Amino acid sequence: MLKKVNNMAIKIAENEEIIVVPMEKSMINEVSKIASHTLGSSFVNEDILQNDINLCAIKDKKVVAYATSRFIDQKYLKKILKDKKLNLDEVYQKIGYVDSIAVDENYSGYGIGTMLLKNTISKLKENKIKFALMAGWKNKEQVNIKGLALKEGFKEEFEVENFWKDDSLEYNFDCTACGKPPCLCSAVIYTKKI
């Protein structure tokens, strides 16, 4: 299999290409299935369409991965970081929060997550966002996006315990590690000036 990574497409075999497109309402069911398998059931629903940047990786008209991001302010940042603090300049009034990136396990290892993150960063820049943040799910001692984050120039900051607890209770989503709410998983925070 041939891998060719750029910002718009990945060629995984001679006539097989994966492209990145904006997420549409008709894709939610496929996105939800990917999220349920990788992150937990009920993690994604139509509310995701309210986020600022939603992208899908498509192969043969099928969603094989997705990334979703939103613009947050310092107040929302304090809420999600709980008692932790980032030393940010006041210039970062609007922050790009990469909410989730998930790839169908059948397409893992082709650089699709990298392609989605690069496209997300480009979209953040187009929207004059100069600082990005990602929360990596920590399951046991592994962090799901650590390799991707570090490879793309994100800095590992710190761990936030029970990161998804409030959201899991509010939105009633099951965690793949914890099961029924509350989710007691931690997140590792990654940041990047863009």
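User: Why does Lys128 count as exposed?

Analyst: The relative accessibility of Lys128 is 66%, and a residue is exposed when its relative accessible area is over 50%, buried when it is under 20%, and partly exposed in between, using a 1.4 Å probe and protein chains only. Lys128 is therefore exposed. This is a predicted model, in which local features need pLDDT of at least 70 and side-chain atom pairs count only at pLDDT 80 or more, while totals for chains, interfaces and linings use all residues. Residues are numbered from 1 along each chain as its sequence is written, and side-chain values use heavy atoms, with hydrogens and water left out.

User: Where is Lys128 placed, and what is remarked about its phi?

Analyst: Lys128 sits in the loop between helix H3 (112–126) and strand S7 (131–139); helices (H or I, at least four residues) and strands (E, at least two) are DSSP runs, numbered from the N terminus. Its phi is positive, about 65°, although Lys128 is not a glycine. Most residues other than glycine have a negative phi. Asp60 also has a positive phi, of about 50°, and is not a glycine; Asp60 belongs to the loop between S4 and strand S5 (62–72).

User: What makes the pair Lys59 and Asp60 a salt bridge?

Analyst: The closest N and O atoms of Lys59 and Asp60 are 2.8 Å apart. A salt bridge requires a side-chain nitrogen of Lys or Arg within 4 Å of a carboxyl oxygen of Asp or Glu, so the pair qualifies. Lys59 is buried, at 10%, whereas Asp60 is exposed, at 61%.

User: How do you know that Lys25 and Glu46 form a salt bridge, and which parts of the chain do they link?

Analyst: Their side chains meet at 3.6 Å, N to O, and this value meets the salt-bridge condition. The two residues are 21 residues apart: Lys25 is in the loop between strand S3 (16–22) and helix H1 (28–38), and Glu46 is in the loop between H1 and strand S4 (53–59). Lys25 is exposed at 54%, while Glu46 is partly exposed at 45%. A search of the whole structure finds eight salt bridges.

User: What kind of peptide bond joins Pro181 and Pro182?

Analyst: The bond is cis, with omega of about 10°. Most peptide bonds are trans. Pro182 lies in the loop between helix H5 (165–171) and strand S10 (186–193). Ser168 is in helix H5 and counts as buried at 0%.

User: What makes a group of residues a nonpolar core, and how many residues has the largest?

Analyst: A nonpolar core is a set of buried Ala, Val, Leu, Ile, Met, Phe, Trp, Tyr and Cys residues joined through side-chain atoms within 4.5 Å. The largest has 29 residues, and those with the most contacts inside it include Ile112, Leu116, Met134 and Tyr190. H3 provides its largest share, six residues. Apart from this core lies another, of 23 residues, among them Leu88 and Tyr92. In soluble globular proteins, nonpolar side chains tend to be buried together.

User: Why does Ser69 count as buried?

Analyst: Ser69 has 0% relative accessibility, and this value is under 20%, so Ser69 is buried. Ser69 is found in strand S5, and the residues it touches include Asn51, Tyr97 and Thr120, not counting residues up to four places away in sequence.

Terms used:
Contact = heavy atoms within 4.5 Å.
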